[in-house]
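The entries follow in the order I made them.

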Amino acid sequence: MSIFVQALIVAGLCFILEWNAFRKASTGARIAISMSYLCSVAIWVYVFKSVQTVHPSEILQAALAALNPFRSGGL
Amino acid sequence: MQKLSARQLVLISCGLTLDATLISIPAQMVKVAGHDAVFCYFIAMALIVLSWIAIVKTVQRFPGQDLFSALTDRFPFIGKVIGLSYVAFFFLILTRDLRSIASFVNYSLLPRTPLSVIIAVLGVCVALTVRSRLKGVGRMTEIYQTSLLIIILLLPVLLFKEVDYRWMQPLFSHSITDVLHGSWYAVAYLGEIVAIPFLLSSSSFPVRHGLYGLLIGVAMLEGLLVLCIAVLSPEITSRFLFPNYHLIREIRITDFLDRFDVAIVGVWLPAVMVKIACTLYFVCHGIRRIFPSLQFEQIVTPVSVFTVACSMWLYANYNQILHFNAHWPVLGLLFEVLIPIVMYFVLRPKVKSTALAK
């Protein structure tokens with residue numbers, strides 16, 4: 001089974017289980033919830049299909065390292 | 001507004017402090033401060049106590065409101081920006097904790113199961129816990145956190161034969177910089193207790209309940225650290241990914257209880273999942289406070305699915321989380337110490353027109 005199908009099944013199942021809450025939501029809330037599911041599927045496929053060379057936490061880590069007083073092992 | 005009993009509040013505070021901190025932080029602290037790492041938690045705790053008192057005193061100025069409501073009522077735009085920043089910060093904590101637990105299960109218990117399956121299963125469990133709101137989280141904490149505390153209290157008795165206090169000597173052999181460096185690793189993890197004023201109104205909790213939770217959590221962490229050093233030695237402790245897991249593997253009661261570690265992990269895992277559920281509740285509650293048109297029930301599952309995807313995307317592997325821990329306190333000190341202290345001085349209720357007229 002391809003990664004895309006796996007991700008669709010997981011997100012689709014959650015979406016079906018939450019259908020009642022989704023039906024009662026306002027239009028803005030429906031868009032936000034749908035976007036959240038779509039982004040999750042996209043990230044899931046990206047993580048498993050591509051060779052990820054840089055991870056977001058590494059970028060954040062590099063930014064925080066400049067402010068770390070112990071970055072070179074001591075104050 | 002949800003209410004918790006005093007005992008539940010103390011246990012949730014203790015869980016926020018203890019459960020995720022004990023995974024790998026002890027190894028990193030011992031690596032930089034050796035056996036003098038036993039002093040590190042106290043220094044970190046002193047800073048967090050200050051921050052806790054500041055944040056609780058701030059929220060007490062707004063009776064019947066949590067800190068999200070207080071911020072958005074007092075400063076509609078800046079308050080929402082600060083609230084969103086806190087949601088993003090705790091979302092990072094959520095993904096980090098979920099990935100850490102999944103990695104632990106993958107490395108130690110289920111090496112043949114794909115990581116994505118473990119993360120997805122944990123994500124489902126956490127989402128189901130959060131759907132029962134804070135009361136459900138509180139009740140689960142009462143069961144699992146209490147069991148975990150009892151087990152940690154029993155550890156010195158179970159490991160009595162293995163303890164060698166020569167590993168602890170001579171005390172004060174490392175420099176103060178090394179000890180401060182060890183505290184640096186601990187401070188951001190202990191500071192996660194600041195989540196509570198964002199979840200509950202000021203009338204629901206006095207200052208002392210959070211302090212009790214923090215003190216119990218630090219006492220347990222300190223006990224575990226002393227045992228790690230005295231049983232495994234500082235050299236070996238600093239080389240393990242999960243030193244506390246290897247500590248409990250040293251327990252040998254009889255042949256029958258040879259794998260007693262599995263039973264202990266069986267209590268710790270639900271406890272740490274309740275802690276993760278608390279963080280997920282924080283994220284959903286924050287989103288709901290900032291965007292009032294969204295209902296809590298509507299956002300729990302989408303946020304959980306997004307968390308599962310992000311916990312695989314954000315971190316390359318568990319080693320990267322360990323490297324990230326070295327710089328994480330920069331962000332931790334900002335959200336857990338600096339902003340609460342600034343809020344203490346800045347965030348006050350509006351002076352009403354009648355009071356002005358007088």
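What percentage of the 75 residues in chain A is buried? I get 36% for chain A. I note here that this is a predicted model.

**Chain A**

I went through chain A for secondary structure and found four helices and zero strands. Along the sequence I read the pattern α-α-α-α. I then looked at the radius of gyration, which is 19 Å for chain A. The globule rule gives 11 Å for 75 residues, and the value for chain A is well over that, so I put chain A down as more spread out than a compact globule. I also took the box along the principal axes: the C-alpha atoms of chain A fill roughly 55 × 35 × 15 Å.

**Chain B, two helices in contact**

Next I turned to helix α5 (residues 76-109) of chain B and helix α14 (residues 296-313) of chain B. I find their axes 9 Å apart, at a packing angle of about 70 degrees. Angles of 65 to 115 degrees count as roughly perpendicular, so I describe α5(B) as roughly perpendicular to α14(B). I noted the crossing of α5(B) and α14(B) as right-handed.

I listed the residues on both sides of this contact. From α5(B) I have B:Phe91, B:Leu94, B:Thr95, B:Leu98 and B:Arg99. From α14(B) I have B:Phe306, B:Thr307, B:Val308, B:Cys310, B:Ser311 and B:Met312. Sorted by class, the contact of α5(B) with α14(B) comes to seven nonpolar, three polar and one charged residues.

**Chain B, backbone checks**

I looked for a cis peptide bond and found one joining B:Gln169 and B:Pro170, with omega about -5 degrees. I placed B:Pro170 in the loop between α7 (133-158) and α8 (176-190) of chain B.

B:Arg133 has phi of about 65 degrees and is not a glycine. I find B:Arg133 in helix α7 of chain B. Its relative accessibility is 26%, so I count B:Arg133 as partly exposed.

B:Ser233 is another entry under this heading, with a positive phi near 85 degrees in a residue other than glycine. I located B:Ser233 in the loop between α10 (207-232) and α11 (234-237) of chain B. Is B:Ser233 buried or exposed? The cut-off for buried is under 20% relative accessible area. B:Ser233 has 3% relative accessibility, so I recorded B:Ser233 as buried.

Note on methods:
Residues are numbered from 1 along each chain as its sequence is written. Chains are lettered from A and ligands numbered from 1 in the order in which they are written. This is a predicted model: local features need pLDDT of at least 70, side-chain atom pairs count only at pLDDT 80 or more; totals for chains, interfaces and linings use all residues. Side-chain values use heavy atoms; hydrogens and water are left out. Axes are lines fitted to C-alpha atoms, for helices over the stretch in contact, and angles run from 0 to 180 degrees between N-to-C directions. Angles under 35 degrees count as roughly parallel, over 145 as roughly antiparallel, 65 to 115 as roughly perpendicular and the rest as oblique. A crossing is left-handed if the near helix is turned anticlockwise from the far one by less than a right angle, and right-handed if clockwise. Contact means heavy atoms within 4.5 Å. Ala, Val, Leu, Ile, Met, Phe, Trp, Tyr, Cys and Pro count as nonpolar, Asp, Glu, Lys and Arg as charged, and the others, Gly among them, as polar. The radius of gyration is taken over C-alpha atoms; the globule rule is 2.2 Å times the number of residues to the power 0.38. Buried means under 20% relative accessible area, exposed over 50%, partly exposed in between (1.4 Å probe, protein chains only).
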